[in-house]
Amino acid sequence: MALFVRNHAIVVDVKTKGAKGDGKTDDGPAIMDAWKEACAAAPPSSVFIPPGTYMAFPLIQLYGPCKGPIEIKATGATIKAPSDLAMFKNDSWIVIAFVDQLTMTGGTFDGQGQESWRNNKCNNCPKPANLRFGYVKNSLIKDLTSINSKMFHIAVLGSDNTTLEHITIDAPRNSVNTDGIHLGRLNGLNIKNSNIKTGDDCISFGDGSKNVHVEKVTCGPGHGISIGSLGRYPNEEPVQGIWIKNCTITGTDNGVRIKSWPASFPGTVNDVHFEDIVMDKVANPIIIDQNYCPGHACKRGGGPAKTGGPSKVKITNVSFRRIKGTSSTQVALKLNCSAVSPCDSVELGDINLTYNGVGQANATSKCFNVKPKVVGQIVPPACPDAPQHRIV
């Protein structure tokens with residue numbers, strides 16, 4: 001006689017744990033209780049957050065390891081953070097960590113960050129991210145929306161072999177320090193088919209970012225897609241193997257960028273490629289900035305070192321290929337590399353950027369401490385004052 005064993009999925013509804021979904025009651029404990037039960041259950045298991053509006057006071061901690069694959073289903077649900085900064089004691093609101101094979105589907109996470117943006121100059125005020133994923137590996141995060149975060153929308157650390165797909169991030173241009181997706185110290189991440197509008201970098205790569213593929217992302221407003229900033233702290237890990245492809249950037253303060261601090265600690269950036277990018281009225285569409293010092297911090301002694309000097313971050317094997325569109329700054333292509341550690345193996349291929357600012361001036365380029373390889377037609381002409389290697 002054949003024996004059939006059927007595994008029944010364990011679904012834990014947060015309302016069975018006391019969640020009200022009225023947008024006022026603190027449903028954070030109910031969400032954490034539902035997670036604990038699902039995480040401890042035999043797989044497959046899931047946490048279900050039904051459609052509705054849920055208030056969740058900090059800190060929400062959804063920690064593993066779990067017994068096996070686990071899912072969070074929040075389609076149609078809105079989870080709100082309190083707007084009062086005094087309720088936050090650190091830089092996090094919702095943290096998911098130490099989980100293997102997570103699938104997270106749906107949900108709108110509203111950081112209600114307007115007060116935080118107004119208090120941006122307060123050094124002692126916490127600036128929590130909406131969502132932090134720490135060591136969440138072999139996982140899929142999809143169909144998720146983050147709005148009005150107090151600081152970063154989504155921060156991803158140590159989460160190898162994970163995909164973020166159909167992510168929507170929405171915050172106004174004046175939302176300060178609200179990077180859309182910030183990542184670092186991971187190996188293998190995919191970000192695709194996503195739409196990011198925010199007040200800082202749409203995607204920012206911290207140290208230790210390796211083998212990351214970004215494809216079909218729209219960005220703007222914001223500060224563009226940025227590698228870095230790097231070199232601010234000692235012992236930063238290399239950034240290596242980054243591919244940014246088939247993206248559209250609109251109305252941002254920068255386009256595709258690599259940035260490192262002057263007088264920096266040593267570091268490396270290698271094997272980074274920007275391809276098939278459309279720029280629409282973007283300032284600084286293509287930029288390597290190894291003299292990055294926002295808010296004149298270096299003049300106030302706020303950089304990595306108070307002694308001054310060029311960046312010590314070494315940039316090699318970088319390509320900008322098939323990038324076209326319009327620049328809101330006359331300098332559309334700027335490669336400002338370090339005097340003590342010049343950029344090596346930089347390629348410019350088939351660039352077509354026109355200036356759409358005031359007047360009839362043509363777009364221009366500026367280059368320092370770099371000898372780029374030029375492939376195909378380059379508009380504006382690349383690095384007219386710097387040596388270059390042209391391949392027709």
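These legends describe close-up views of cysteines in a predicted model. Residues are numbered from 1 along each chain as its sequence is written. Local features need pLDDT of at least 70, side-chain atom pairs count only at pLDDT 80 or more, totals for chains, interfaces and linings use all residues, and side-chain values use heavy atoms, leaving out hydrogens and water.

**View 1. Cys39 and Cys66 form a disulfide.** A disulfide here is a pair of cysteine sulfur atoms within 2.5 Å. The two sulfur atoms lie 2.1 Å apart. The pair links distant parts of the chain, 27 residues apart. Cys39 sits in helix α1 (residues 28-40), and Cys66 in the loop between β5 (60-63) and β6 (70-73). Helices (H or I, at least four residues) and strands (E, at least two) are DSSP runs, numbered from the N terminus. The S-S torsion is about -105°, so this disulfide is left-handed.

**View 2. Cys202 and Cys219 form a disulfide.** Their sulfur atoms are 2.1 Å apart. Cys202 lies in the loop between β18 (186-197) and β19 (203-205), and Cys219 in strand β20 (residues 209-219), so the pair ties together parts 17 residues apart in sequence. With an S-S torsion of about 80°, the disulfide is right-handed. Both cysteines are buried.

**View 3. A disulfide joins Cys367 to Cys383.** The S to S distance is 1.8 Å. The torsion is about -60°, so the disulfide is left-handed. Both Cys367 and Cys383 are buried.

**View 4. Cys247 is in no disulfide.** The nearest cysteine sulfur, that of Cys219, is 8.5 Å away. Cys247 counts as buried, at 1% relative accessibility.

Terms used: Buried < 20%, exposed > 50% of the residue type's maximum accessible area, 1.4 Å probe, protein only.
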